[in-house]
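Me: I have the sequence and the model open and would like to go through them with you. Shall we start?

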Amino acid sequence: MCELLAMSANTPTDLCFSFTGLTRRGGQTGPHKDGWGISFYEGKGVRSFHDADASASSRLAEVVQSQPIKSEVAVCHIRQANVGQVCLANTHPFIRELWGQYWVFAHNGQLASFRCPPGFYEPVGTTDSEALFCDILNHLRSHFNRDTPRDQLVQSLVRLSRAYACQGIFNLLLSNGDWLFTYCTTKMASITRRAPFGPARLKDADVTVDFESETTADDIVSVIVTEPLTSDEQWDIYQPGEWRLWRKGEVIHSG
């Protein structure tokens, strides 16, 4: 299986601490050595990094860890391949444009027999994950438009997610830069950090950070992961079938 990481914040925030912990699981403390990727929203743009090598030994991952790229929404993925060869085209997150926005998608799970029906969006690689992403966007493009209220889009995403989950494991991160939709069938956890901030220690690396020195009293930063990244904080565990919609670091809808 793969592992997911996402961030939703009310102010541009870097993901260096959490990303450092996750990269260790990509071939060092975990088996997810078949590529990695991370996408940061910056306004309407997306700054993305992808590598087909293991994140624990990737020089590019070292660069991302050391550079405080600040974003309100970020999506990250480390891969353990089960469908599709190990190559750059098959690394998450996947990105497409819809209604003048970049949509970013990452998936943990397996729907090995899934094939994307013909549509406007087509997979570039050979993963079931990218095929699912294209299917989602084709559905949205066919049934809605740029003026559709957010709640209608989200309810459609919930229905699609439940249908996919009936076919296999479907843990999802999806964002359009304004909000972040998350869906869990097996494993997902989150933590929301706000004042008063304190220290935190990574499980997978000898790294501790004092968030009080890195934040202001108004900051709200939420991190969503497959498995908790720190050993000294209380994480909120998703239930199977649970979904949450995040915006500016807060859950604004869930079910």
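Me: Which residues of H3 are buried?
Reply: The buried residues of H3 are Asp 128, Ser 129, Glu 130, Ala 131, Leu 132, Phe 133, Cys 134, Asp 135, Ile 136, Leu 137, Asn 138 and Leu 140. Buried means under 20% relative accessible area, exposed over 50%, and partly exposed in between (1.4 Å probe, protein chains only). Helices (H or I, at least four residues) and strands (E, at least two) are DSSP runs, numbered from the N terminus. This is a predicted model, in which local features need pLDDT of at least 70 and side-chain atom pairs count only at pLDDT 80 or more, while totals for chains, interfaces and linings use all residues. Residues are numbered from 1 along each chain as its sequence is written, and side-chain values use heavy atoms, with hydrogens and water left out.

Me: What covers the buried residues of H3?
Reply: The cover includes strand S5 (94-98), strand S6 (101-110), helix H4 (150-165) and strand S7 (169-175). Contact here means heavy atoms within 4.5 Å. Because 12 of the 16 residues of H3 are buried, the helix is largely enclosed by the rest of the structure.

Me: What span should H3 have, and how far apart are its ends?
Reply: At 1.5 Å a residue, the 16 residues of H3 (residues 128-143) should span 22 Å. The end C-alpha atoms of H3 are 23 Å apart, which agrees. The expected span is 1.5 Å times one less than the number of residues in the helix.

Me: S5 came up as cover. What does Phe 94 touch?
Reply: Phe 94 lies in strand S5 and, at 4% relative accessibility, counts as buried. Not counting residues up to four places away in sequence, Phe 94 touches Ala 89, Trp 103, Val 104, Phe 105, Thr 127, Ser 129, Glu 130 and Phe 133. Ser 129, Glu 130 and Phe 133 are among the buried residues of H3.

Me: Which residues does a cis peptide bond join?
Reply: Pro 93 lies in the loop between S4 and S5. A cis peptide bond also joins Ala 195 and Pro 196, with omega about 0 degrees. Pro 196 is in the loop between strand S9 (189-194) and strand S10 (199-201).

Me: Changing topic: how many aromatic pairs does the structure hold?
Reply: The structure holds 10 aromatic pairs. Phe 181 and Trp 243 form a tilted pair, 6.1 Å centre to centre with 35 degrees between the planes. This pair links distant parts of the chain, with Phe 181 in strand S8 (residues 180-183) and Trp 243 in strand S14, 62 residues apart. Rings of Phe, Tyr and Trp (its six-membered ring) pair if their centres lie within 6.5 Å; planes under 30 degrees apart count as stacked, over 60 as edge-to-face and the rest as tilted.

Me: Are Phe 181 and Trp 243 buried or exposed?
Reply: Phe 181 counts as buried at 0% relative accessibility, and Trp 243 counts as buried at 6%.

Me: What about Glu 242: where is it, and what does its side chain reach?
Reply: Glu 242 is in the loop between strand S13 (236-237) and strand S14 (243-247). Its side chain reaches the backbone nitrogen of Gln 239 at 2.8 Å. The side chain of Glu 242 also makes a polar contact with the side chain of Arg 244 (2.8 Å). At 17% relative accessibility, Glu 242 counts as buried.

Me: Last one: how many helices and strands are there in the protein chain?
Reply: The protein chain has four helices and 15 strands. Buried residues make up 55% of its 255 residues.

Technical notes: Polar contact = N/O pair within 3.5 Å; in protein donor to acceptor, adjacent residues only side chain to side chain.
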